[in-house]
Amino acid sequence: MTKEEFIEELKKLEIILNEEQLMQLDYYYHLLIEENEKINLTAITEEKQVYLKHFYDSLTIAKEVNLNKIESLCDIGTGAGFPGLVLKIVFPSLQVTLVDALNKRILFLNKVIDALGLKNIQTVHNRMEDYSKVNREKFDIVTARAVAPLKELVEYGAPALKVGGKLLFMKGNIKEEELDNIERVMNALKVEKIEMHTFMLPVENSTRTLVSFIKKEITPKKYPRKYKEIKNCGL
């Protein structure tokens with residue numbers, strides 16, 4: 001995806017970027033490539049692929065929610081900042097929290113945030129299952145992109161979500177086993193699945209799925225449970 005294609009495809013999502021935002025994304029890309037030579041941030045480094053599979057893909061969350069009307073967002077397992085940091089650049093009024101368990105990634109994110117002069121965005125070096133235990137009912141949106149199976153994401157994200165807020169998880173193809181027993185988990189955490197939106201990423205026509213849940217009541221104190229490991233699901 002060229003930058004010109006990126007701009008045109010975003011218009012279809014009703015996203016219009018100004019010159020400053022385009023410059024910030026360009027600088028973000030160059031910092032990503034520079035730091036990626038020192039630490040493993042992404043396997044995707046070619047500029048057109050980054051604009052498609054990281055920048056544009058992160059912004060497809062706009063298919064499900066008007067981020068201009070959202071105050072606070074938490075990104076679980078943000079990695080190199082996808083989608084949370086991209087969303088902050090494009091929707092500057094958002095208050096964004098980026099959570100990741102690897103400190104090297106947090107240091108990279110802080111470098112980008114400082115370089116771009118972004119405000120009302122914080123990074124948290126922690127596992128989401130621990131962070132959400134002490135940050136309950138805090139965010140309007142909790143999101144994650146290709147981090148863990150749905151059941152685990154619901155358990156980690158729901159406690160930190162305000163009642164009436166949305167869990168919005170970004171996936172490739174949803175595997176059938178991800179949906180096994182998820183109704184039980186949803187009932188226990190007082191959330192309701194409201195949408196599963198599948199679409200094709202432009203240019204390469206790969207499958208993407210946005211899964212959204214709404215929180216109906218305060219999450220019981222026994223959640224989240226702690227899993228042995230979160231494996232990156234990759235896109």
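Being four residues apart in helix α3, Y51 and F55 sit about one helical turn from each other (helices are DSSP runs of H or I, at least four residues, numbered from the N terminus). The model is a predicted one, with local features needing pLDDT of at least 70 and side-chain atom pairs counting only at pLDDT 80 or more, while totals for chains, interfaces and linings use all residues. Numbering starts from 1 along each chain as its sequence is written, and side-chain values use heavy atoms, leaving out hydrogens and water.

Rings of Phe, Tyr and Trp (its six-membered ring) pair up if their centres lie within 6.5 Å; planes under 30 degrees apart are stacked, over 60 edge-to-face and the rest tilted. That rule gives seven aromatic pairs. One of them, Y28 with F55, is tilted, at 5.4 Å centre to centre and 35° between the planes. Y28 belongs to helix α2 and F55 to helix α3, so this pair ties together parts 27 residues apart in sequence. Y51 and F55 go edge-to-face, with 4.9 Å between centres and 75° between planes. Ring pairs join F6, Y28, Y51, F55 and F82 into a cluster.

As for the helices themselves, α2 (residues 19-36) and α3 (residues 47-59) pack at about 110°, their axes 11 Å apart (axes are lines fitted to C-alpha atoms over the stretch in contact, and angles run from 0 to 180 degrees between N-to-C directions). The two are therefore roughly perpendicular, a label covering 65 to 115 degrees. L25, D26, Y28, Y29 and L32 in α2 meet E47, V50, Y51 and F55 in α3, with contact meaning heavy atoms within 4.5 Å.

Methods: Angles under 35 degrees count as roughly parallel, over 145 as roughly antiparallel, 65 to 115 as roughly perpendicular and the rest as oblique.
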